[in-house]
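Please consult the sequence and coordinates alongside the text.

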Amino acid sequence: MLPVPTSHSPALGPGCAGPSLAYASASTRSDIAPPSAQQPCCGSEPFMVDPSAAAGLGLRRHTDTPYVTGTSVLGITYKDGVMLAADTLGSYGSTKRYKSFERLAKVNDATVLGAGGELSDFQYIQTLLDELATEDYCADDGMQLTPREVYAYLSRVLYNRRNKFDPLWNSLVVGGLEGGVPFLGTVGMIGVHYTDKHIATGFGQMLARPLFRERHRPDMSEEEATELLHDALRVCYYRDKQTTNKFQIAKVTAEGVSVSEAFALETQWGYQAFVNPAANALGTW
Amino acid sequence: MEASGHSDAAPHTGTTIVAVQYSDGVVIGADSRVSTGRYVSNRASDKLTPLSDFVWLLRSGSAADTQLVGDYVRHYAEQHAMELDREPSVHTLAKLVAQINYANKAMLVGALIVAGWDTARGGQVYGVPVGGTLVRQRWTTDGSGSTYLWGYLDSEYREGMSRAEAEELVATALALAASRDGSSGGLLRLVTVSSGGAERRLIPGDQVPPFWDELPAPGKTPPVAGEAMVEA
């Protein structure tokens with residue numbers, strides 16, 4: 001019987017003990033890695049107090065500065081569940097580089113995850129959640145991670161990575177149905193996390209949150225919720241440089257999780273004031 | 001032109017400006033986005049400033065610096081026109097802009113284009129980049145979005161285009177830049193300057209043509225082809 005890995009997940013970065021599911025380690029293989037400096041015989045991953053001692057072992061730090069980034073993620077609860085919304089842009093600095101990047105991912109039948117920030121770290125987080133879901137599947141007891149459990153797990157991962165000065169550079173939004181009750185939480189790259197009835201990350205905090213505060217009610221219908229999200233997305237598109245007019249909405253209800261096809265929003269440009277704004281003051285804008 | 005992708009306190013016309021000489025004059029164009037860091041402080045700004053009826057200034061760089069240079073040169077241009085009792089030449093006003101840029105090289109960040117029409121030389125486009133160089137060109141582009149246009153304009157510009165062809169070229173170039181540059185966008189403003197004077201044109205933000213991997217505004221033409229969504 002192969003030993004079941006129990007202790008610290010590699011999600012916590014280099015320097016943590018315990019074997020990993022993401023790649024075959026000595027404890028899950030029949031042969032054992034030869035002992036060497038800093039490598040225990042028992043097959044567990046090296047536990048480093050001083051990371052510089054690991055220089056020769058190829059351990060890498062990851063995100064010092066973000067490269068390919070996503071912007072705001074919005075989330076609201078409504079009568080039937082929760083809805084998350086985001087655009088589909090991966091920016092490369094101020095270049096709009098990847099215009100079909102899905103930033104809303106289904107975790108399981110009751111949970112959806114949205115991310116802004118460094119998108120490679122988001123893809124890594126999706127791999128971690130896949131591993132957990134695979135464990136659940138193998139246990140074959142009909143239980144799957146609830147949204148609150150996903151939220152708690154991610155908050156621990158991000159906080160512990162922050163403590164190692166090796167953060168996963170993301171703003172995450174976890175949404176789902178927790179025992180039939182809508183759940184919405186957010187976790188930031190330094191481990192700050194909270195739950196609320198409506199959530200916005202990035203520029204959405206400045207632009208969308210006022211709209212949510214004014215118009216959100218937990219018993220909103222699906223049409224009202226969709227319209228509120230559309231209006232919030234539209235404001236983010238007007239006023240955030242790093243957005244594109246291509247959005248997705250993810251919905252979690254008792255029927256399950258659905259992530260919509262990408263759609264564009266109508267935008268308003270027909271104001272008289274836009275036609276010749278400098279008419280009475282040449283050289284201004 | 002923006003210094004980098006990071007936030008600046010001052011408003012920057014992270015911008016795309018394009019000017020093209022055609023058979024009877026010039027077509028100039030700009031986007032309308034002004035940003036303060038990541039925030040779009042003005043989504044409908046006017047970056048095309050008249051220095052005289054027939055000579056226009058296209059502004060990119062620091063919003064404050066370029067507005068001031070434009071104000072000074074417009075003031076000089078009015079006085080110069082009164083003294084000469086004729087319209088000032090494009091070259092004269094372009095040189096004034098360059099001299100201000102050059103004399104205050106350390107303090108100003110203005111990447112400018114001066115374009116217009118006069119009786120002596122017809123349509124002319126002058127690039128006045130940061131530092132105060134003055135160079136006459138058949139066409140030029142500047143601002144942060146210009147990096148996405150050199151290849152397009154290199155391959156598509158033709159000598160002696162008609163007015164319609166030149167307007168199409170400028171509008172398409174601006175739309176392409178806005179499609180890839182986060183610091184450019186909004187609506188497109190075009191001005192055509194010829195012997196008859198200057199004519200303005202506006203392309204609203206939802207009528208800017210979409211390109212690869214973008215969606216047109218709802219209710220408009222059928223979707224353009226694009227890539228499949230990238231998942232995990």
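The model is predicted, and local features are discussed only where pLDDT is at least 70. Chain A contains five helices and 13 strands, while the secondary structure of chain B comes to four helices and 13 strands. Buried residues make up 48% of the 285 residues in chain A, and in chain B 56% of the 232 residues count as buried. As for contacts within chain A between residues with a separation of 6 or more, 61% are accounted for by residues 24 or more positions apart. In chain B, among contacts between residues at least 6 apart in sequence, 61% join residues at least 24 apart.

In soluble globular proteins, nonpolar side chains tend to be buried together. The largest nonpolar core in this model has 24 residues, and those with the most contacts inside it are Leu74(A), Ile76(A), Met83(A), Phe212(A) and Leu229(A). Two or more residues of this core are given by each of strand E2 (73–78), strand E3 (81–87), helix H4 (209–215), helix H5 (222–239) and strand E12 (247–253) of chain A. The largest share, seven residues, comes from H5(A).

The surroundings of Leu229(A) can be set out in detail: leaving aside residues up to four places away in sequence, Leu229(A) touches Leu74(A), Ile76(A), Met83(A), Ala85(A), Phe212(A) and Ile249(A). A second, separate core has 21 residues, including Val20(B), Val170(B), Leu174(B) and Leu190(B).

## Cavities

Rolling a probe the size of a water molecule over the atoms shows where empty space is left. A search of the whole structure finds three cavities of 30 Å³ or more, and the largest cavity has a volume of about 60 Å³. The residues that line the largest cavity are Thr71(A), Ser72(A), Val73(A), Leu74(A), Ala85(A), Ala86(A), Asp87(A), Arg103(A), Leu233(A), Cys236(A), Thr243(A) and Phe247(A).

## Individual residues

| Residue | Relative accessibility | Class |
|---|---|---|
| Thr15(B) | 0% | buried |
| Ala30(B) | 0% | buried |
| Gln21(B) | 14% | buried |
| Asp213(B) | 3% | buried |
| Phe165(A) | 67% | exposed |

Thr15(B) is placed in the loop between strand E1 (12–13) and strand E2 (17–22) of chain B, and its side chain is joined to that of Lys47(B) by a polar contact of 2.7 Å. Lys47(B) is also one of the residues that Ala30(B) touches; when residues up to four places away in sequence are not counted, the others are Thr16(B), Ile17(B), Leu48(B), Leu174(B), Leu187(B), Leu188(B) and Arg189(B). Ala30(B) itself lies in strand E3 (residues 25–30) of chain B, and its C-alpha atom is separated by 21 Å from that of Asn101(B), 71 residues apart along the chain.

Gln21(B) lies in strand E2 of chain B and counts as buried because its relative accessible area of 14% is under 20%. A polar atom of the Gln21(B) side chain lies 3.5 Å from the backbone oxygen of Gly123(B). Gly123(B) is also among the residues that Gln21(B) touches, not counting residues up to four places away in sequence, together with Val26(B), Gln124(B), Val125(B), Arg136(B), Gln137(B), Arg138(B) and Tyr157(B).

Most residues other than glycine have a negative phi. Two residues of the model are to be considered in this regard. Phe165(A), in the loop between helix H2 (147–163) and strand E8 (170–178) of chain A, has a positive phi near 55°, and at 67% relative accessibility Phe165(A) counts as exposed. Asp213(B), in the segment after strand E13 (197–203) of chain B, has a positive phi of about 70° although it is not a glycine, and with a relative accessible area of 3% Asp213(B) is buried.

Key
Residues are numbered from 1 along each chain as its sequence is written. Chains are lettered from A and ligands numbered from 1 in the order in which they are written. This is a predicted model: local features need pLDDT of at least 70, side-chain atom pairs count only at pLDDT 80 or more; totals for chains, interfaces and linings use all residues. Side-chain values use heavy atoms; hydrogens and water are left out. A nonpolar core is a set of buried Ala, Val, Leu, Ile, Met, Phe, Trp, Tyr and Cys residues joined through side-chain atoms within 4.5 Å. Buried means under 20% relative accessible area, exposed over 50%, partly exposed in between (1.4 Å probe, protein chains only). Contact means heavy atoms within 4.5 Å. On a 1 Å grid over the protein atoms alone, a cavity is a set of points where a 1.4 Å probe fits but cannot get out, and a pocket is an open set with protein on both sides within 12 Å along at least five of seven lines; lining residues have an atom within 4 Å of a point. Grid points are joined across faces, edges and corners, and a volume is the space filled by probe spheres set on the points. A polar contact is a pair of N or O atoms within 3.5 Å; within protein, one must be able to donate a hydrogen and the other to accept it, and residues adjacent in sequence count only if both atoms are side-chain atoms.
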